[in-house]
Amino acid sequence: MAVSELNEDTQDQISDLLENLQQIEKIKNKDIRILLDKIARKYGGKVVN
């Protein structure tokens, strides 16, 4: 399954979680990239700048 095949609900949940963590200052942009890269690599992708 490619990252683009993640269902829309899952993508929305990931986005909401990262936004909430960023708003309460528990996560920085660099950490977000690392987390997204971990998710993407499970599906054969990678995060690029």
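This is a predicted model: local features need pLDDT of at least 70, side-chain atom pairs count only at pLDDT 80 or more; totals for chains, interfaces and linings use all residues.
**Ground rules.** I number residues from 1 along each chain as its sequence is written, and I use heavy atoms for side-chain values, leaving out hydrogens and water. Local features need pLDDT of at least 70 and side-chain atom pairs count only at pLDDT 80 or more, while totals for chains, interfaces and linings use all residues.

**Overall look.** I found two helices and zero strands in the chain; helices (H or I, at least four residues) and strands (E, at least two) are DSSP runs, numbered from the N terminus. Of the 49 residues, 12% count as buried. Buried means under 20% relative accessible area, exposed over 50%, and partly exposed in between (1.4 Å probe, protein chains only).

**Salt bridge.** How many salt bridges does a search of the whole structure find? I got one, taking a salt bridge as a side-chain nitrogen of Lys or Arg within 4 Å of a carboxyl oxygen of Asp or Glu. Aspartate 37 and arginine 41 form a salt bridge through their side chains, at 2.6 Å from N to O. They are separated by about one helical turn because they sit four residues apart in helix α2 (residues 29–42). I then checked their cover: aspartate 37 counts as buried because its relative accessibility is 17%, whereas arginine 41, at 52%, counts as exposed.

**Helix α1.** I looked up glutamate 8 next, and it belongs to helix α1, residues 8–23. Glutamate 8 is at 61% relative accessibility, so it counts as exposed.
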